[in-house]
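Let's take a walk through a protein structure together.

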Amino acid sequence: MTAESADAAQQESAEPAAAQPFLRLKGVRKSYPGVQALAGLDLEVRPGEVIGLVGENGAGKSTLLKLLGGIAAPDGGTIEIDGVSHTRLSVSQSIAAGIAFVHQELNLFDNLDVAANVFIGREPRRFGCLNIVDTRRQRAAVAPLLDQLGAGFSPDTLVGRLSLAQQQLVEIAKALSQQARLVIFDEPTSSLPIAESEKLLAIMARLSRRGIAVIFVSHRLTEVQRAADRVVVLRDGRLAGRLTRAEISHDRLVKLMIGRDLKVDYAAPKTARGGVALALSGIRTAAYPRQAVDLDLHRGEILGLAGLVGSGRTELARAIFGIDPVHGGGLSLDGKEIAVRSASDAVGHGIFLVPEDRKATGILLDFTVAENISLPNLDAHASNWIVSAGSERRQAEASRGELGIKVPDVATLTATLSGGNQQKVVLAKWLAMQPRVIILDEPTRGIDVGSKSEIYLLMRALADAGVTILMISSDMEEVIGVSDRIAVMCEGRISGILTRAQFSEENVLLLAVGNRVVP
Amino acid sequence: MKKKDLGLLVLILVVGLGVYLQNPLFLSPNNIANTANLIGLFGLFAIAQGFVIITGGIDLSAGSMIALLGVLFVDIVGNRGVPWPIAFVIVIILGLLLGLAHGLLITRLKMPPFVVTLCGLLIYRGVARGYTGDATAGFPFGSTYPGLDFFTARIYGVPTSILLLLVVAAIAWVVLHRSVFGRYLFAVGKNEEAARFSGIRTNLVIGAAYVICAGLTALAAIFFAMYTRSVSPSSHGNFYELYAIAAAVLGGFSLRGGEGSIIGVVLGAILLQVLQNLVNLLGIPSSLNFAVMGTVILVGVLVDQQWGAYRARRLLAGSARESGAKPTPPDPVPER
Ligand SMILES: Nc1ncnc2c1ncn2[C@@H]1O[C@H](COP(=O)(O)OP(=O)(O)OP(=O)(O)O)[C@@H](O)[C@H]1O
Ligand SMILES: [Mg+2]
């Protein structure tokens, strides 16, 4: 970007800030059985402003966005668009009003190409009543949108082939093609690596310059600080505060969110690490069959595993846990070779995995919180093969207290929990058992700062008790703060291991792209 | 008992009352015993089907299996002179083996349950017909088999089949709703991936469901063979798998897996037999049999779903009132 155009951009963005709000929420309320998700909230949205929406897990952020997107109806209050007030919006009203919702779980058809996805439900037709989809026009309309977004793929790419970040671009292209005036994002960056998040933030800024308003939810506060023109903080369904651009600071955000100051506490290890607990020798995964991974994990240490997306970290974790067959090499635990052919073998050896995709593999949405937590350890909650509901409930209550899972009752269906609280259930499920080795794949995705801090303390307590922890994380702050050592993967191999003295963002990134670290 | 099951029970009682008012013979001891016997027979393999449906699978081969195993049982007892207890054991083991084969094809070779059991439907029927050369298998004229009468006996007027159903249903209830294995069945049916990531041996669980299903079906097959006394391999047990699936669906099972209850499927089996009875007793041409049954299942499932949606709305409105807000229209169903 030239200095000139940057200047122009700034002028442009300064102008709409003074504009009149086109969307006003007044006293909106929403309750679900047992919870008041929103308790009388006011909000105004002006053209071209970027609003950061933050709050603890279960504070009501997603609920607010759902009301705007027409997916849920408020119990009370009004939603005013261009001076017309509504008691509720339907999905089509919301789209007609120019509100585009980029969902946390993307709503794309991976068996269709990009252009078809952008125009789904609004296909341009040809040949009159024959209603043939005019694919050429469709593609021609989508190409410039993709260019604007700097997407490096063509309109006829199959969506199934795209990465998560690219799929988000498709959603945004869809919003642009609908002449959106407000684009709302629910935790758009929570599953993106840092570099991709940067790009997304830049795109938000670009939308704003064109006069399109943006509301985004994020638990990464540094991101909020950089990208938001103003911040709205929710706590227990109420407005806890608003901050203007100049007022935004990490500490202030945290204080408004949780109602007190918080220093993220990366507790230092109390005990020195023990001998080798789990040794990987020459493990080859299906993703990179030509790379052999050797790695020693010591008893009582937290080993961070960093790397770019696609570097083979998740595949390695799945192989260790027996989900995917290994294509060579073996594992030994406490010096003895072990055979892990299935996840149940791994669990039998005390090796656990907290998977990254909670909806697909982490929890059963239609099970209650208590049933989810007891599932991997059901035998311990049963006598003579009959499950004891009381024992399950006691365990769930204990986990709820320990991790601060916000739920009216442990017999609640997990599907109704907020995203971050579901993630806590996934963690609770495995932490409730006695692990020897626990692999955490993006353990704090979507979890608020306060709870993150609790989880770090918990991880340290486990490690101090002799548990070996392998933590896969794309959150640089987390990797550097929590780990005792950091192993970095690049294209399927371990490109280097950093000890505490060598920890730095730069070193991790160097190794992640396959360069050497200069000592 | 769940609300859903209660609704089904009410439906059965209403239909029963209606039939009784039209034709008091409905409640004659003989008719009751006959219907109870049929409920016992059909209930057995409806429960069997339930175990498979809960995993998200299906067993289309039940009817053919009942024909094949029935032919074999009658033949080896009647024509080959094998003592019936031994024949009984052979047939049950054969059933279990067929179930194991289904289970292995589905879990190890990843074949869709629909395809595997559809082929079973064709193969077992064909083998049964080939085995006898399409002739009816029956016991030699005038022969008696002390002990075999057990299968058709009535204890104080109560048919043994319904007693057996009660025992099997009680065990199945404990297994499905209270045991570790039952929980695994629900977990696997809801989300097989997540179950596998929880350390559950999903293949074992699914395989076991097919074995249990075939085992219970084999038991039902022997009862059916003794009930009809002679087995004509081309028509015996035709469409029976559909009765079982219908009973499960009426009883609240989801064909997508992970939902259902034993009480529900038993009530479903009862309703189907009461309907059969209705057709007979009300003088409706028996050619309309399937039409009546199809209509009632359609209406039953429809009412059940509308009722569920209504209750969800009531619940939401109720919670809104609690929090001091006026009730609003329900959330639209999320778009998929
Ligand atoms: N469909 C539902 N049924 C019942 N309760 C619900 C439902 N959806 C949300 N809730 C409850 O409403 C509250 C607010 O949830 P919401 O999803 O808005 O939180 P959030 O701020 O987005 O949290 P997170 O940061 O974890 O995503 C939570 O307590 C949640 O359990
Ligand atoms: Mg949320």
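This is a predicted model: local features need pLDDT of at least 70, side-chain atom pairs count only at pLDDT 80 or more; totals for chains, interfaces and linings use all residues.

Chain A is built with 18 helices and 24 strands. Of its 519 residues, 54% count as buried. Take the contacts in chain A with a separation of 6 or more: 65% of them are between residues 24 or more positions apart.

Domain 1 covers 3-98 + 181-258, domain 2 covers 274-350 + 435-519, and domain 3 covers 360-434. Between domain 1 and domain 2 of chain A, the contact takes 13 residues from domain 1 and eleven residues from domain 2. The C-alpha centres of these two domains of chain A lie 36 Å apart.

Let's zoom in on a helix. Helix α2 of chain A runs over residues 61-69, and seven of its nine residues are buried, so the rest of the structure largely encloses it. Among the buried ones are Leu64(A), Leu65(A), Leu67(A) and Leu68(A), and Lys61(A) is buried too. Just after this helix comes Gly70(A), which takes a positive phi of about 80°.

Hold on to that idea of phi for a moment. Most residues other than glycine have a negative phi. Which phi does Asp236(A) have, positive or negative? The phi of Asp236(A) is positive, about 50°, although this residue is not a glycine. You'll find Asp236(A) in the loop between β11 (230-235) and β12 (238-244) of chain A, and it is partly exposed, with a relative accessible area of 44%. Asp334(A) is not a glycine either, and has a positive phi of about 50°. Its place is the loop between β16 (330-333) and β17 (336-338) of chain A. At 32% relative accessibility, Asp334(A) counts as partly exposed.

Time to move over to chain B. Here you have twelve helices and four strands. For its 336 residues, a compact globule would have a radius of gyration near 20 Å; chain B has 22 Å, which agrees. Its C-alpha trace spans about 80 × 55 × 35 Å along the principal axes. Buried residues make up 51% of chain B. The accessible surface comes to about 15600 Å², and 68% of that belongs to carbon and sulfur atoms. Chain B carries 22 positive and 13 negative side chains, and the centres of the two sets are 5 Å apart.

Let's end with one residue of chain B. Asn37(B) sits in helix α2 (residues 29-53) of that chain. Is Asn37(B) buried or exposed? Its relative accessible area is 10%, so Asn37(B) is buried, as the cut-off for that is under 20%. Leaving out residues up to four places away in sequence, Asn37(B) touches Pro159(B), Ser161(B) and Tyr227(B).

Note on methods:
Residues are numbered from 1 along each chain as its sequence is written. Chains are lettered from A and ligands numbered from 1 in the order in which they are written. Side-chain values use heavy atoms; hydrogens and water are left out. Helices (H or I, at least four residues) and strands (E, at least two) are DSSP runs, numbered from the N terminus. Buried means under 20% relative accessible area, exposed over 50%, partly exposed in between (1.4 Å probe, protein chains only). Contact means heavy atoms within 4.5 Å. Domain bounds come from an automatic or database domain assignment. The radius of gyration is taken over C-alpha atoms; the globule rule is 2.2 Å times the number of residues to the power 0.38. Accessible areas come from the Shrake-Rupley method with a 1.4 Å probe; for residues, only the protein chains shown count as cover. Lys and Arg count as positive and Asp and Glu as negative; His and the chain ends are not counted. The place of a charge is taken as NZ of Lys, CZ of Arg, CG of Asp or CD of Glu.
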